[in-house]
Amino acid sequence: MPGLEEYRQVYALEWNNNISVVIITLIFYEYILQFEKEVTFVWERQWSAMTYLYLVVRYFGIVTVIRICAIWGGLFYIPEAPGLTCSADLLFTSCYGMFLFMKWGFSVYFCLAEVILIWRLYVLYNKSKLILYVLLGLFLPIVALYICVDALLWSRPSAISVQEIITPIVKYCTTFYHIGPMPAIYASIPVICFDILLVVLAITILRKHLKERKELKMKPNTYIVIIVRYHVIYFVLNLASQIFMAILWAHLSTVVLNLVLLFKDTAPLIIVPRLIISIWDTHANENCVHVSTTFEDCVCWTSPPEFEQPKIESCV
């Protein structure tokens, strides 16, 4: 007769499956909401560098979340049933491979999100080469850090292993951490510092812009406000994700653990594509006086007629 521990495992797996359903439902609901805008601003217009970035973060994110939900809600949870058999080696290989895909996939996704933020700041600072080179120079070590963490921490069996658990009522795979949370915490510090720099640069240009507009008695530019707002949201989001990555090593209750995973696996996949498509949507629905078309994504500057406005050219 199954004991208390087996029933606890079933309870955890049921929570896992339910959260997986919620995650995939939220992602696809968001996709449906944005699909009409995507058709209008992506598939019916000439593609640019930002279009390619949008498609990558949108569809790579969807593929990642489908694979995560399929594993954590399906392959990791294999109930015993008549006629259902599964090779232990195949199960282990599938579980471990999907675990690595999940970790590497999220690292790639966050790096792509940082590229978008850098691109936006480059445009906000009037296409300053200095800003671009400095940010890229600081970003490359962040990329190297992600690679090192994924290769040396998540991909080493001596640090983290995936094991098959067989009980009288369920068969599933789970992860075991063989080292403490400190390496993950230390690795998150440079990422957080880089995000702080991006937020500070965004807020600085916003304050300068607001001051200039106030002196000219003009309304603030909609796009600068949107971009800075999303920079702040992304910073809070990434900070929370880094904290959650560290506390996943702790022994959390089933409910808390799954709620943390719900936030971590949905919020970035919703916010990042919205950062791009919301600007396109605002541009399409705004009555503009001056339009700059020198870059991939055009900006309407909400301002008085040409002779009253300062010479500003930008594109986000």
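These notebook entries record what I looked up in a predicted model.

**Ground rules.** I number residues from 1 along each chain as its sequence is written, and I use heavy atoms for side-chain values, leaving out hydrogens and water. In this predicted model, local features need pLDDT of at least 70 and side-chain atom pairs count only at pLDDT 80 or more, while totals for chains, interfaces and linings use all residues.

**Confidence.** I looked up pLDDT, the predictor's confidence in each residue, from 0 to 100. The protein averages 75, and 73% of the residues score at least 70. Over residues 73-92 the pLDDT is below 50, and this stretch has 37 contacts (heavy atoms within 4.5 Å) beyond near neighbours in sequence. Residues 288-315 also have a pLDDT below 50, with 76 such contacts in the model.

**Y223.** Y223 counts as buried because its relative accessibility is 1% (buried means under 20% relative accessible area, with a 1.4 Å probe and protein chains only). From Y223 to S278 I noted 55 residues in sequence and 9.5 Å in space, C-alpha to C-alpha.

**Second largest cavity.** I noted that its space is about 40 Å³. On a 1 Å grid over the protein atoms alone, a cavity is a set of points where a 1.4 Å probe fits but cannot get out, and lining residues have an atom within 4 Å of a point. The lining consists of A113, L117, Y230, Y234, I271, V272 and L275. Helix 7 gives the most to this lining, with three residues.

Notes. Buried means under 20% relative accessible area, exposed over 50%, partly exposed in between (1.4 Å probe, protein chains only). On a 1 Å grid over the protein atoms alone, a cavity is a set of points where a 1.4 Å probe fits but cannot get out, and a pocket is an open set with protein on both sides within 12 Å along at least five of seven lines; lining residues have an atom within 4 Å of a point. Grid points are joined across faces, edges and corners, and a volume is the space filled by probe spheres set on the points. Helices (H or I, at least four residues) and strands (E, at least two) are DSSP runs, numbered from the N terminus.
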